[in-house]
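Biologist: I would like to go through the salt bridges here and the criteria behind the labels.

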Amino acid sequence: MVKVNFLLCCVNTLLMSEAIFLPRSTCVTDPVFSNCLCIKSSDQIVADCSHLRIHVSPIFTPVVQTVNLSFNELEYGPVPGSLPAGLQRLDLSHNKIKFFPSSAFDGLYLLQILNISSNHLALDDSTFFKDVFADLKSLRHLEMQNNSRIFSNHSTDMYPGHALQALMSLRSLSIDGLPSYKFGKEFSKLQNLSQLNLSSGYCNLSVYGLTETYFKNLPHLQVLNLKSCHIKNIHNDTFSLLQNLTYLDISNNNLLTFCGFKNASDGLIGSPIKIFKANRIYCAVGKSTFVSRKFFKSLRKTSLEELYLDDNKIDYGEFKIAAELPVTLRKLSLNGNKLSLGRYIFQNVSDLIGLREVDISYQNRHITGPFVDQYNCHDYRESKKCECETNTDFLTDTTFIMNLMSPNIHSKPTDVYNMQEKSCDQPIEMITILPPYLTSINFEYSKVGDTIPFMHLMYDHLYRLNLRGNALTRWIGPVCNATSMRYLDLSENLCSYVSKAFFKELIGLETLLLDKNYLVYSLRNDQNGDIFRCLRNLQNISIANNQLDDLPRKIFNGLINLKVLNLSTNAISDVKIDIHHMEKLSVLDLSHNYIRFFDGSLTSQIDLVPYSSLSISLENNPLECSCRSLSFLKWFQQKTNSHSVTFINYHLYNCSDENGHLLNNGFAQLDVVVQKLEVQCRKIEWYVLLIVIFLTCFVLFILSIFIIYRHKWKIRYFIYLAKREMFKKGYERLGDNTDFKYDVFVSYAERNRSFATKDVVTRLEEEAGFKVCLHDRDFVPGTDISDNIIGAIRHSRKIIFIVSSHFIKSDWCMYEFHMARYEETVVRKRNCTIFIFLGDIPLADLPYKIAQVRDQTVFADFPRDAEEESKFWNVLYDAVNAEA
């Protein structure tokens with residue numbers, strides 16, 4: 001049930017979108033009031049003379065149906081005859097009216113709404129004389145509150161029943177709540193009065209409280225608003241005579257406590273009450289509130305559908321308190337209390353078969369800041385006694401009290417930070433008990449922080465779940481038996497990890513809000529799009545403000561029914577995601593990122609998908625207008641001109657050149673920008689082409705030099721080989737021929753000549769009988785030395801290298817080494833080299849090629865010990881004699 005606000009009715013009439021302004025003379029006859037507005041709206045003529053500081057009411061023409069004279073300086077009611085007979089709405093609020101002329105409202109038989117609130121009207125018989133409202137036969141709504149706060153004598157104030165009893169059509173009344181008066185028998189004539197509001201203005205019922213006779217003469221009331229009336233006591237029969245009451249609000253009476261709540265509930269037995277509000281009936285400071293079962297026993301005998309107990313410091317309650325709530329209850333609001341995990345939902349919640357909606361948001365709100373007027377109540381140290389207070393036993397052992405979000409029936413300790421992905425087919429570890437038909441839970445901003453583990457819902461009816469603004473930093477899941485869930489809000493939870501199985505079972509989700517978390521790493525590592533893959537029915541997803549920078553291409557691949565994708569307020573610079581499968585996408589929000597332009601992959605996807613009306617927001621991005629973004633700018637221009645894509649507020653977009661200098665015109669004059677860039681970029685293309693050709697040639701030149709230098713020995717070898725083939729000098733190509741002219745060719749440095757000729761050659765020829773080739777003895781005079789070297793290598797079965805520090809420094813020795821190496825690897829394709837190392841040569845001094853083949857060929861260190869020398873020569877003979 002919603003109370004009627006009469007002033008808003010008038011204001012809304014004035015502000016209707018189809019209003020037409022008429023000449024002032026249409027509404028007001030006196031040119032003195034030329035500031036009044038004359039408006040035609042919804043087939044009514046409205047004269048708006050509010051906020052003009054006028055002291056006398058104008059005379060209105062007969063066509064006017066609504067008059068607004070609020071917020072002026074009127075001290076008397078309307079001048080008799082100044083109001084048209086067909087008037088339906090009259091607003092005189094916020095003036096200085098002290099009394100009404102005797103015929104102020106005469107002839108207003110059609111008036112339906114009258115607002116005289118916030119004036120200087122005393123609530124007595126002299127001000128509201130008996131026949132003041134006699135002609136208001138059609139009046140339905142009357143506002144007269146805020147007339148008793150300052151300008152009345154409370155001891156003489158009374159409810160003006162003699163004046164109001166004539167309003168036989170009155171349905172709703174807003175009036176000040178008087179501390180020492182009741183609604184007299186005159187009010188019994190108002191049989192159509194169904195709504196009474198004492199809370200919009202001054203209300204102080206603290207003297208006597210509410211007795212059983214206070215509303216005796218208003219038996220037809222359906223809506224009763226008693227907010228902020230300083231009520232301390234309510235008799236338990238106060239509302240028993242209101243057998244038509246469907247809406248009751250006793251909120252903001254912070255001395256009432258649950259004692260008054262219980263007494264009020266006692267009077268509701270048998271009534272058709274549907275909505276009962278008892279918010280903030282405790283002082284905001286002081287001890288926490290314990291809730292007893294006795295407070296709710298009377299409600300069990302009603303058909304209550306909505307119960308509001310917000311901001312009452314409720315911490316815990318008596319065991320099985322849920323069993324005392326009526327089975328008809330559809331909504332329970334415990335917003336702004338002190339509920340904590342494990343203490344605030346009690347056993348037997350399954351008895352609440354009618355419950356559909358629970359609001360337990362903003363728990364422990366008192367920690368961050370006090371309520372308004374929290375100290376305008378009794379001393380928090382005062383211990384109040386009341387007839388309903390008893391010493392009851394209550395549970396403090398949280399093992400017997402169920403937690404709404406994650407109560408355990410079968411639980412075992414687990415390290416949630418090391419949990420492996422689980423499946424709903426596994427045995428149940430944690431089951432969440434909810435009322436069987438609960439569809440909505442609001443649990444936002446309740447300072448709950450932990451991991452969302454693998455869990456099962458007992459019933460699959462939950463449709464909407466709001467967990468915004470907590471500290472649920474890790475989402476493990478999966479949440480099983482939740483296929484009916486359509487709306488899930490996990491925003492502002494500082495979450496840094498979401499498992500790939502968390503959303504796996506939430507296949508019915510249509511709206512998913514994940515704003516203001518820290519999902520950058522979880523989403524960046526989801527290369528295959530496993531996190532959202534199962535959300536095929538999702539229509540709206542928001543991941544704004546998550547510091548996202550680089551999203552994988554396949555991250556949203558499963559979202560085939562997506563309509564709204566919000567990635568705003570992140571750090572995205574390059575949009576690489578796939579959207580070609582989102583055929584229903586209508587909104588793509590990329591505002592407040594670091595995007596410079598779209599690449600061809602994204603624009604081609606937008607071109608190919610048949611979007612009926614796609615809106616893209618690129619506001620507050622550092623868009624670039626340069627040659628490298630020219631193709632994007634042309635695409636943007638084409639889409640804007642064809643209206644196939646709507647770029648939200650694109651005329652406000654700014655863009656910079658490639659050096660970051662902001663352009664003056666930007667996207668507001670995109671056609672001019674594109675034309676200038678086309679001319680500029682054509683010139684740049686020639687320069688770029690020349691630079692590319694030059695750099696390509698330079699790179700090829702350097703690469704050629706590098707290749708030649710690296711393979712210089714191989715190149716020289718094949719040059720000499722080709723030259724011999726061409727001129728047939730010195731020898732024929734042997735290939736695999738085993739007939740060699742020499743058994744061995746010995747390569748040595750000139751400084752090692754004595755060892756080579758006297759020791760090695762002498763022993764090989766005289767003792768072993770091998771035929772040896774020496775360059776200073778067997779090379780052909782007059783022939784190029786390189787030809788002699790290659791000839792000696794090609795005609796020798798084995799080649800011995802006497803490696804020393806002098807050998808390494810000799811160019812011809814190294815030449816002989818490289819030529820022999822290529823003969824071995826390219827022509828013969830078998831080992832034919834033997835190495836003898838003289839002296840200690842550090843490994844670091846050896847050329848890379850010699851060090852490389854050292855481990856792949858036969859070698860020996862010449863011994864310094866004479867006893868070992870004979871063994872050395874035997875090994876050498878065997879190596880020369882061995883088959884390759």
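Modeller: R468, D489 and E492 are linked in a network of salt bridges. This is a predicted model, where local features need pLDDT of at least 70, side-chain atom pairs count only at pLDDT 80 or more, and totals for chains, interfaces and linings use all residues. Residues are numbered from 1 along each chain as its sequence is written, and side-chain values use heavy atoms, with hydrogens and water left out.

Biologist: Why is the contact of E73 with K96 called a salt bridge?

Modeller: A salt bridge needs a side-chain nitrogen of Lys or Arg within 4 Å of a carboxyl oxygen of Asp or Glu. The closest N and O atoms of E73 and K96 are 2.9 Å apart, so the pair meets the definition. The two residues are 23 residues apart, E73 in the loop between β4 (66-68) and β5 (89-91) and K96 in the loop between β5 and β6 (113-115).

Biologist: Why is E73 called buried?

Modeller: Buried means under 20% relative accessible area, exposed over 50%, and partly exposed in between (1.4 Å probe, protein chains only). E73 has 18%, so E73 is buried. K96, at 36%, is therefore partly exposed.

Biologist: What makes R280 and D311 a salt bridge?

Modeller: Their closest N and O atoms are 3.4 Å apart, so the pair qualifies. D311 is buried because its relative accessibility is 8%, whereas R280, with 23%, is partly exposed.

Biologist: How many salt bridges does a search of the whole structure find?

Modeller: The search finds 22.

Notes: Helices (H or I, at least four residues) and strands (E, at least two) are DSSP runs, numbered from the N terminus.
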